[in-house]
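Student: I'd like to learn how to read a model like this one, feature by feature. Could we go through it together?

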Amino acid sequence: MTTEVTVAELATLMKKAAGVTVDPHDLQGRVDTPFAEFGLDSLGLLGIVGELENRHGRALPTDAERCKTPRDFLDLVNGALTTGA
C-alpha cells in the first residue's frame with residue numbers, strides 16, 4: 001500500500017473536507033498556485049490535514065495547514081508519511 005498522497009487525491013480531499021471543487025488535471029497543472037486562488041483557506045486545509053491524519057492513523061507536521069501551495073503541502077505531507085515523522 002502506498003502512503004503517498006497524489007494530486008488527484010488532494011483534489012478529492014479539497015472537495016470532501018473543504019467543499020472546494022477543483023479539477024485534478026487543473027490542480028496538477030497549477031501545483032505552485034496558492035491554495036487561496038482555488039478558494040481554499042487555512043480552515044479548509046486544516047480539514048484536509050485532519051482527514052489525512054484519520055486515514056493514515058498518525059499526526060502530520062503542525063505546519064501542514066500553513067502550506068501555501070499544493071506542491072508545498074504534498075511535499076510536506078508525503079515526506080512525513082514516507083519517513084513516519
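Student: Is Asp26 buried or exposed, or something in between?

Tutor: Something in between: Asp26 has a relative accessible area of 32%, so it is partly exposed. The classes are buried for under 20% relative accessible area, exposed for over 50%, and partly exposed in between, with a 1.4 Å probe and protein chains only. Please keep in mind that this is a predicted model, where local features need pLDDT of at least 70 and side-chain atom pairs count only at pLDDT 80 or more, while totals for chains, interfaces and linings use all residues. Residues are numbered from 1 along each chain as its sequence is written, and side-chain values use heavy atoms, leaving out hydrogens and water.

Student: Which residue forms a salt bridge with Asp26?

Tutor: The general idea first: side chains of opposite charge can pair when their charged atoms come close. For a salt bridge, a side-chain nitrogen of Lys or Arg must be within 4 Å of a carboxyl oxygen of Asp or Glu. Here the partner of Asp26 is Arg30, with 3.0 Å between the closest N and O atoms. Arg30 has a relative accessible area of 28%, so Arg30 too is partly exposed.

Student: How many salt bridges does the whole structure hold?

Tutor: Four. One of them joins Arg55 and Glu9, N to O at 2.2 Å. Arg55 sits in helix H4 and Glu9 in helix H1, so this bridge ties together parts that are 46 residues apart in sequence. Helices here are DSSP runs of H or I with at least four residues, numbered from the N terminus. Arg55, at 42% relative accessibility, is partly exposed, and so is Glu9 at 21%.

Student: Which residue pairs with Asp32?

Tutor: Arg71 does, the closest N and O atoms being 2.7 Å apart. Asp32 is in the loop between helix H2 (24-29) and H3, whereas Arg71 is in helix H5, so parts that are 39 residues apart in sequence are tied together. Arg71 is partly exposed, with a relative accessible area of 38%.

Student: How do I read the faces of a helix, and which residues of H4 are buried?

Tutor: An α-helix has 3.6 residues a turn, so residues three or four places apart point the same way. In H4 the buried residues are Gly44, Leu45, Ile48, Val49, Leu52 and His56. Looking down the axis of H4, these fall within an arc of 145°, so they line one face of the helix. That arc is taken over the directions from the helix axis to the C-beta atoms. Leu43 and Asn54 are exposed on the other side of H4. The cover over the buried residues of H4 includes H1, H3 and H5. Just after H4 comes Gly57, with a positive phi of about 65°.

Student: What should the 15 residues of H4 span?

Tutor: The expected span is 1.5 Å times one less than the number of residues. For H4 that gives 21 Å, and the end C-alpha atoms are 21 Å apart, which agrees.

Student: Which residues of H5 are buried?

Tutor: Pro70, Phe73, Leu74, Val77, Asn78, Ala80 and Leu81. Their arc around the axis is only 160°, which puts them on the same side of H5. Asp75, Thr82 and Thr83 are exposed on the face turned away from that buried side. The buried residues of H5 pack against H1, H2, H3 and H4.

Student: And what is Asn78 in contact with?

Tutor: Contact means heavy atoms within 4.5 Å. Neighbours within four places in sequence aside, Asn78 is in contact with Thr3, Glu4 and Val5. Asn78 counts as buried, at 9% relative accessibility.

Student: Which residues have the most contacts inside the largest nonpolar core?

Tutor: A nonpolar core is a set of buried Ala, Val, Leu, Ile, Met, Phe, Trp, Tyr and Cys residues joined through side-chain atoms within 4.5 Å. The largest has 25 residues, and those with the most contacts inside it are Leu10, Met14, Leu27, Ile48, Leu52 and Phe73. Helices H1 (7-18), H3, H4 (42-56) and H5 each give two or more residues to this core.

Student: How many aromatic pairs are there?

Tutor: One. Rings of Phe, Tyr and Trp (its six-membered ring) pair if their centres lie within 6.5 Å; planes under 30 degrees apart are stacked, over 60 edge-to-face, and the rest tilted. For Phe35 and Phe73, the centres are 6.1 Å apart and the planes are at 80°, so the pair is edge-to-face. Phe35 lies in helix H3 (residues 35-38) and Phe73 in helix H5 (residues 70-83), so the pair ties together parts that are 38 residues apart in sequence. Both Phe35 and Phe73 are buried.
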